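Open the model in your viewer and keep the selection tool ready. The tour below goes from stop to stop, saying what to select and what is there.

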Amino acid sequence: MKRHLAFILLTTLSALPLVAHDFEVKTNSGQALFFNITDSAKNEVALTYDGSIANTQRRYFAGSLELPAQVRHNGTVYQITAIGTKAFSGDTLLTSVELPLGLKEIGEFAFEGCTSLKRVIFPGNEVKIETGAFFRCEALSQVTLGSDWNNVNLKVFRWSKQLKTITIPAKMKHITGMPFLASLERINVDENNATFASVDGVLYNRDTTQLLSCPRAFSGELIVPDSTRSIRWQALAKSRRLTAITLPAGLQSLSFREFAQLDSLQTITMKADQPIPTAVGNGQPVFLLQVANQSVSLVVNKKALKNFTTALVSTPGNYTEIKANLPQGENEELAELPYNIDEQAALKASRVVGIKETKSKK
């Protein structure tokens, strides 16, 4: 009998609607916002969805949404500090969202499947963005980062097919995940930023002595400034639309594998009179360039032609990275990892071309 009653009670409870929110508030435009109280002592709430996430009849958001920093319920003012897990999941008619000042966190898959979402404006303060927050947001084309942000992992926007330009604010000090943005054509940097600079849409450190990252969808010719001394490991590795690159005379650090995947690359121009070590072979530093195909030409000053053709190594075998070319903290592990270079992978001396001089356009 007890089992029978338990089964009836369970069946009855499962038939009741599941309510995921504590209260709702209407916006000025008449759309309903749903909230869970996360800290009653501090009067903090998280924005959530209507009813059960599995309920196909739940209310969705549409158009542009400007979220307030605070909401009032039963005489109490609450601060919105979080966008809850799956809060906007499946809102295919949501096109723009402006997030409120004081927001601390965007939960997992908060905007997943918002296929019409084109614009996201973040608050000035830093916001923690959880896994998959913008999963399948393919239309996202405008992202405004907060003015006081110190770091950002751009990987969170990797599902976008329309995000072609992004601007780094003045206080930003750490940027990761840029190679995950397949459609990014250029990255801009606020002129007051003390850490980074942008030259023709490519990311450098402030004094342009190091090329940090080239956008994946950057196309055509890249002319690296004369001030640049090093190219960060894999800074160019994903930029497969590059057709030509000019490297300055003062360049001191370059990985032999930097051009390995650039199948559109036709010309590498080196302005130096002497080649630099790019790899280690048989325990010795060597000048080696791995290329995606043998149509690539290496262009150098005519007076330096012999220096380059003599030094260029194209012998098949295992080669390792030079420790100084690698990111700090990863030098030992990566430097010891051998890479097999076959006959077709290494640029050959016959592909080196000498011209009278190579002038920089910068």
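In this tour Ala, Val, Leu, Ile, Met, Phe, Trp, Tyr, Cys and Pro count as nonpolar; Asp, Glu, Lys and Arg count as charged; and the others, Gly among them, count as polar. Keep in mind that the model is predicted.

**Stop 1: the largest pocket.** Select Gly 177, Pro 179, Arg 232, Trp 233 and Gln 234, which lie nearest the centre of the largest pocket among its 16 lining residues. Strand E14 (174-176) and strand E18 (210-213) each give two or more residues to this lining. The pocket holds about 380 Å³ of space. Sorted by class, its lining has 9 nonpolar, 4 polar and 3 charged residues.

**Stop 2: Asn 205.** Next select Asn 205, in strand E17 (residues 202-205). Is Asn 205 buried or exposed? Its relative accessibility is 17%, so Asn 205 counts as buried, the cut-off for buried being under 20%. Now show its side chain. Leaving aside neighbours within four places in sequence, the residues in contact with Asn 205 are Thr 195, Phe 196, Ala 197, Gln 210 and Leu 212.

**Stop 3: the largest nonpolar core.** In soluble globular proteins, nonpolar side chains tend to be buried together. Select Ile 83, Phe 88, Ile 106, Phe 111, Phe 122, Phe 134 and Phe 157, the residues with the most contacts inside the largest nonpolar core, which has 54 residues. Several strands give two or more residues to this core, including E1 (23-26), E3 (44-48) and E6 (76-83). Which element gives the largest share of this core? That is E2, with 4 residues.

Zoom in on Phe 88. Not counting residues up to four places away in sequence, Phe 88 touches Leu 47, Phe 61, Leu 65, Leu 67, Ile 83, Leu 94, Ala 110, Phe 111, Glu 112 and Cys 114. A second, separate core has 33 residues, among them Ile 231, Leu 251, Ile 276 and Phe 287.

**Stop 4: the cavity.** Searching the whole structure turns up 1 cavity of 30 Å³ or more. About 70 Å³ of space lies in the largest cavity. To see its lining, select Leu 247, Pro 248, Leu 251, Met 270, Lys 271, Ala 272, Gln 274, Pro 275, Ile 276 and Phe 308. By class, these lining residues are 8 nonpolar, 1 polar and 1 charged.

Key: Residues numbered from 1 in each chain as written. Predicted model: local features only at pLDDT ≥ 70, side-chain atom pairs only at ≥ 80, totals over all residues. Heavy atoms only, no water. Core = buried A, V, L, I, M, F, W, Y, C linked by side-chain atoms within 4.5 Å. Buried < 20%, exposed > 50% of the residue type's maximum accessible area, 1.4 Å probe, protein only. Contact = heavy atoms within 4.5 Å. 1 Å grid on protein atoms, 1.4 Å probe; cavity = no way out; pocket = protein on both sides within 12 Å on 5 of 7 lines; lining within 4 Å. Points joined across faces, edges and corners; volume = space filled by probe spheres on them.
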